[in-house]
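Thanks for coming, everyone. Please look at the screen while I walk you through this one.

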Amino acid sequence: MEYHTFSELRESYAFILPLMIFILIFVLLPVLGTFINSFFRDISFMQRKFILFENYKQLFNDSDFYGAIRFTILFILVSVPLEIILGLIFALILNEAVPFRGFLRACVLLPWAIPSAISGRLWELIFNYNYGLANFLCIKLGISTGPINWLGSSLGAFLGIVIADVWKTTPFVTIILLAGLSSIPIELYSQAKVDGSNFLQRFHKVTMPLLKPVLIVALLFRTIDALRIFDLVYVLTHGGPGGATTSLSLYSYRYFLAGDFGYGSAISVVLFVIAFILSVVYIKLGRFAELGT
Amino acid sequence: MIEEKFKSVIIWIGCVLLVVFCLTPFLYMILISLSSSPDFLTKLGQIEFSFKNYYSVLSSKSLHFIDYLRNSLIISAASAFFCVIIAGLGAYSITRLALPGKMLILFFVLAVSMFPQISLVGYLFKFMSSIGWINTYFALIFPYVAWILPLSLWILVSYFAQIPRDLDKAALIDGCTGWQILRKVIFPVAAPGIFSVSLLSFIFAFNEFMFALMLTIDYHSRTIPVGIALFQGLHGEIPWGNIMAGSAIAVIPVVLLTIIFQRYIIQGLTRGSIKG
């Protein structure tokens, strides 16, 4: 047990203090405020009134709220596995001794690096019904006989969001998995080669088990991030058509925008609780992964 | 031998697909921004090249494109600067000083970074309104710093922890204070980490959308992602050429940073998330 003097302790607090103050004022206090607000009727230009669980009772009977939950969950279930699989393939490629490695890595990073609001706009044009690139390619490659109504149909808009998100986020998964791959000792592969196992066997016996902790981290991280999707749906589909692609974040935002802070807060509290549970799992597993390696 | 050949062919195909997947939308953006009308694909690929989109985006005062870009650059740079300093102080305390409950603080901060932004923004709007900061740079810089601090702290802790303790012990014997050790020993030795954190903080602040959408009103503080997201035509038809020209200019800073410093970005990202 180390013994610390009072002045040593005081110095350590002084150095961490600015960080704590920032997080307290601009993250914790707002979250607490949102919690408290969710128990109030709090609409602009109206008397603020404590109503306890009224907002939550209303949520319980709100079919649009269930619609937002349904879209958010479907979006996670479809986009995250796609990102992990594609990211794993990209990472396996980049981990080989490929030419122009630096160029390839920079290419992979670019979709991640630009603002999602801007890539949302770009995909809006790509999915344009009359002259967008998506319909041009679909017809040229024989995928469809006529133009597809991407953003005007529920399924098309959903797929559009998924494609745009996969494009934007696969790079991140690739980078994380690449770091995991490059930490696997080469000797293990050469040993497996000497034993006469082929590429697939080596992937199954060496790569996958050693990559598993990193895969879990990437999976959970992406799930938490996909849960709060906002930018893309706001820009690409505005939550439409007919609310088909309204995520929980966007649904809550609409109430804030309309000046209904009580109900908007209640929606975001639900989202917060789900995200919080997932992040506790994430941290527990992350710790586990660290101890395991 | 056959397996090796087969593998290298697969990898070559994979590389080509990877480049096509990542770059096609960018090329499309640039083509549209340089063509006089956005529907060239339907005209059998006949493109009429012109710079008029760039000209109109940059010269039209009413679009405020330059204002948005300037706001974004100032806000992102300021956020990155404060983030590095504050996270640096915190990481020093965690890796070097007698701070109790270090792991607890690290995991608490990690949990904070997973909070959905929407669960902050309603209250932040009211808070910023009450102190009169709506539509100012402060309304974005402060929440951005707080928002990006967790990741910055994790990255810097992983860099600082690798610096041999003998270095600062020597400085301590020479009579340096904590602040001097941090400034003269730790920061210079951990320069690549400091640089990674600055880059990532800048990119995150530059790309942020929800706070900027909610906490700004007009060109006095509105950032470029919001400007481009809300860019609508005056007469119903969306001016795609202008939007793509604006987007192409807007992404230049982050694209250049990414291409030139990809190594630092990758290092920062992996240290920030894998260790978690």
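Let's start at one residue. Leaving aside neighbours within four places in sequence, Pro111(A) is in contact with Ser119(A), Trp167(A), Lys168(A), Pro171(A) and Cys22(B). Contact here means that the C-beta atoms of two residues, placed from the backbone, lie within 7 Å. Pro111(A) sits in helix α4 of chain A, residues 101-113. Helices are DSSP runs of H or I with at least four residues, strands are runs of E with at least two, and both are numbered from the N terminus.

Before I go further, some housekeeping. This is a predicted model: local features need pLDDT of at least 70, side-chain atom pairs count only at pLDDT 80 or more, and totals for chains, interfaces and linings use all residues. Residues are numbered from 1 along each chain as its sequence is written, while chains are lettered from A and ligands numbered from 1 in the order in which they are written.

Back to our proline. Is Pro111(A) buried or exposed? Pro111(A) counts as buried, because it has 23 C-beta neighbours inside 10 Å. The cut-offs are these: buried means 20 or more other C-beta atoms within 10 Å of the residue's own, exposed means 12 or fewer, and partly exposed is in between, with C-beta atoms placed from the backbone. Now compare Phe50(A). Pro111(A) and Phe50(A) are 61 residues apart in sequence, and their C-alpha atoms are 45 Å apart in space.

Stay in chain A for helix α5, residues 116-126. Eleven of its eleven residues are buried, so the helix is largely enclosed by the rest of the structure. Among those buried residues are Arg121(A), Trp123(A) and Glu124(A). Ser119(A), the contact of Pro111(A), is also one of them.

Next, two loop residues. Leu52(A) lies in the loop between β2 (49-50) and α2 (54-60) of chain A. Its phi is near 50 degrees, a positive value in a residue other than glycine. Leu52(A) counts as exposed, because it has 9 C-beta neighbours inside 10 Å. In chain B, Asn135(B) is found in the loop between α5 (118-130) and α6 (137-160). Asn135(B) has a positive phi too, near 70 degrees, and is not a glycine. With 17 C-beta neighbours inside 10 Å, Asn135(B) counts as partly exposed.

Now chain B as a whole. It has 13 helices and zero strands. Its C-alpha trace spans about 75 × 70 × 35 Å along the principal axes. Of its 276 residues, 50% count as buried. Take the contacts in chain B between residues at least 6 apart in sequence: 76% of them join residues at least 24 apart.

Chain B is divided into domain 1 (2-50) and domain 2 (62-274). Those bounds come from an automatic or database domain assignment. The domain centres, taken over C-alpha atoms, are separated by 32 Å. Six residues from domain 1 and six residues from domain 2 make the contact. On the domain 1 side, four are nonpolar, two polar and none charged. Nonpolar covers Ala, Val, Leu, Ile, Met, Phe, Trp, Tyr, Cys and Pro; charged covers Asp, Glu, Lys and Arg; the others, Gly among them, are polar.

Inside chain B, look at α9 (residues 191-207) and α12 (residues 240-260). They pack at an angle of about 155 degrees, with axes 11 Å apart. Axes are lines fitted to C-alpha atoms, for helices over the stretch in contact, and angles run from 0 to 180 degrees between N-to-C directions. These two helices are therefore roughly antiparallel. Under 35 degrees counts as roughly parallel, over 145 as roughly antiparallel, 65 to 115 as roughly perpendicular, and the rest as oblique. Leu199(B), Ile203(B) and Phe206(B) of α9(B) meet Pro253(B), Val254(B) and Leu257(B) of α12(B). That makes six nonpolar residues, with no polar and no charged ones.

Last stop, the two chains together. How many residues does each chain give to the contact? Chain B gives 82 and chain A gives 77. Helix α1 of chain B (residues 2-34) supplies the largest share of the chain B side, 14 residues. By class, that side has 62 nonpolar, 15 polar and five charged residues.

One helix pair crosses between the chains here. Helix α3 of chain A (residues 63-94) packs on α1(B) at about 120 degrees, with axes 10 Å apart. So α3(A) is oblique to α1(B). Ile89(A), Phe90(A) and Ile93(A) meet Ile11(B), Gly14(B), Cys15(B) and Leu18(B).
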